[in-house]
Amino acid sequence: MVAEDDNHALPTGNETPKVPEVLPILPVIDLTLFPRMVLPLVVHGEESRKLVDEAMGKDRRIGVLVSKKKDLKVSPKPDDLYSVGTVALILKMSKPDEKGTQLLVQGVSRFRIEEYLLDKPYLRARIESIPEQTTKDIEIEAMTSNLGGLFQRVLKLSPYLPGELGALAISLDDGGMLADLIASSLNISKEEKQTILDSQDVKERLKEVTRLINRELQVLELGQKIQSQVKQDMDKAQREFYLRQQLKAIKEELGEKDERKLEVDEYRAKIAEKNLPEEAKKEADRELERLERMHPSSSEYTVASTYLDWLTVLPWNEATEDVLDIKSAQKVLDEDHYDLEKVKKRIIEYLAVRKLKPDSKGPILCFVGPPGTGKTSLGRSIARALGRKFIRISLGGVRDEAEIRGHRRTYVGALPGRIIQGIRRAEKNNPVFMLDEIDKVGSDFRGDPSSALLEVLDPEQNFTFSDHYLDVPFDLSKVMFITTANILDTIPPALRDRMEELDLPGYTEDEKLKIAQRYLVPRQLEAHGLTPEVLTITADAIRRIISGYTREAGLRNLEREIAAICRGVACVVADGRKGPTRVKARSLHKFLGPVRFRSEAGERISVPGVAAGMAWTQAGGDLIFVEATKMKGRHALTLTGQLGDVMKESATAALSFIRSHAKKFNIPENFYENQEIHVHVPAGAIPKDGPSAGVTMLTALASLLTDKTVASDMAMSGEITLRGQVLPVGGIKEKVLGAHRAGIKRIVLPKWNEKDLEDVPKKVRKAIQFHFVETMDEVLKVALPKS
């Protein structure tokens, strides 16, 4: 059924339409009707259909109000509706079925609710008509013109607005009507449309619609830009696809294969040829499947191919066959290094075990000793004796755990750690792997490398070493790890527990002489282009260099001085002078300058109150001197020379022992009442500490107070107690060798340290007279004999 009535046409121009005071109210959802706009409506519900039927029988006018709620299944209450709506004229009505009624309505004017008349069966209200503003000025005209121009731009960009709206908008010269037309056309929320409907002032309405249309215009322009860019990208992708298909067809016609397929086939062949462990093969196959699905231009493609390169190049099963000829290995070790019998014995023992049990695990050795004692070169010699590859990495200053374990593949530029990199360079899974300077590993916010080394250096764990980059276990149990250190104190106990320590304490003068003659001199002659016929260095000259120009446990400075002599002779030879050069002890001044070191023991221990002690340092053993003097003053003990707390306590204990036994040593019992005693240990810039100077402190004080001089060729070491006991100390071998280098002939040591002399070379033991003591009384009897 369709109802039409031309008698109810709207007034034209600025004529105000007549509106009844009471209107039936039709609530609607998400649909805002503006004056003079035509909209279709579908009405549901018994109440709404009855409202429409009665309106059609009268003047066809109804009030349309927007509901604040989104659901009209339940009849809305007055509070659920906005207070401003539109008077609507029903132009057409039809009932296609019993469930709904279709309407075509046109807005007449704005109205405001004064009060609701809550009589049944539908909602009615007494209303106040809101007349349209008819005033015009230049500002309204400018705003109207600007809004019309913006709307024309929106129409060009918007696909959902019909073009006829542009002609209609141009024909309107009323700003309020134009604002209503545009507001009803824009895709804005019902709240924003209601704000326009509520606005009675034309200027305010124009400003609000201008704001909304500008926002819509920005959205449309950005959408067009994105659409254009996407279209360009799609065109480019389609073009690339078309060209690649053409290239593929051309290659097939020429009989060539796809490069990516060739690369994948090459990796597949490498994986099959390598005979990888099960877990590594599973990971390699998975990564290869990913690689097949990737495009070569993808960044992930490079990451996957690099990972497969590492997996297929590592020596999972390739090993060097050990040279198990023990005599041959002993010969190689003797050729490369003089002495070091304990280390050589350990290597020969390892070879013997390998010969009897081929699948035995490699030892974890730690060479500990001063600089220049041959720790690093010994590792090369061991590799040559075993017939294995040699890899060395320096851990000095390493602070990042990733240096050992590698970075995870999620990081850009990730690589395996230095352990796996070293294995790759060796191309075998059983090299001799030297971790140099393990005592100088640091730690910071990036992790603790020494903790990562716990797994590397543990034979019970390293057969499944997991590098973060590889993320599959790699067997390091066949690797022979050798570490080097100058001191053990800085190595964490857990790491130190995993290593077998072998001491390289230093060399005697005779050992240095033989090493220089066998290795250092020939090496420097070759390095400087000289021959033994051109330059000869006598044994006396080498001894003078050792004693007068160097003071070290190792050999580095000795080799430097020999190199200086070679450079001097090379200048002579290069100048055209012929004839051999024989360097003797008395001619060293010409090449090396004046003597730098001399034995100070004889001169410094020449007055009462001075005694020589023995100290352990990172560079080997050395002598220290304790000087004591007394002066008038209040009883006080002054200690200088950068002494640590333990050393200060040793001096106090020594003085207390002498005071308590003064009568026994023929010292006045009141000597301390009017005297001040000052004890100084020279080399004040060097910090000193430890209990082993206690015996030396005691002897120096006793010498001062008894006015007796300590023998100039005597040195001593030992800890003291208030009970008069002499306790054992450490570093005996280094201390004895240092004293021997300084020309000491007699040494006082604790009785408990007698066993430690087994590590001291026989020639040194024969050259020195040892006095082993248990009490302080025995120390003073030896150091200060009765005249």
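Which residues line the largest cavity? In this predicted model, local features require pLDDT of at least 70 and side-chain atom pairs count only at pLDDT 80 or more, whereas totals for chains, interfaces and linings use all residues. Residues are numbered from 1 along each chain as its sequence is written, and side-chain values use heavy atoms, with hydrogens and water left out.

The largest cavity is lined by E509, K512, I546, S547, T550, R551, E552, H740 and R741; a cavity is a set of points on a 1 Å grid over the protein atoms alone where a 1.4 Å probe fits but cannot get out, and lining residues have an atom within 4 Å of a point. Its space amounts to about 80 Å³, the volume being that filled by probe spheres set on the points, which are joined across faces, edges and corners. Two or more lining residues come from each of α17 (509-527), α18 (539-549) and α24 (732-741), helices being DSSP runs of H or I with at least four residues and strands runs of E with at least two, numbered from the N terminus.

The second largest cavity holds about 40 Å³, and its lining includes Q133, D174 and V202.

An open five-stranded sheet has the order β8-β9-β12-β7-β13 with parallel pairing, where two strands pair if DSSP finds at least two bridges between them. Because β8 (390-394) and β13 (500-503) stand at the edges with a single partner strand each, one side of each lacks a neighbour in the sheet. Within this sheet, β9 (residues 432-436) and β12 (residues 480-485) pair over four bridges in the parallel sense, and V432 stands opposite M480 in β12.

Definitions and conventions
On a 1 Å grid over the protein atoms alone, a cavity is a set of points where a 1.4 Å probe fits but cannot get out, and a pocket is an open set with protein on both sides within 12 Å along at least five of seven lines; lining residues have an atom within 4 Å of a point.
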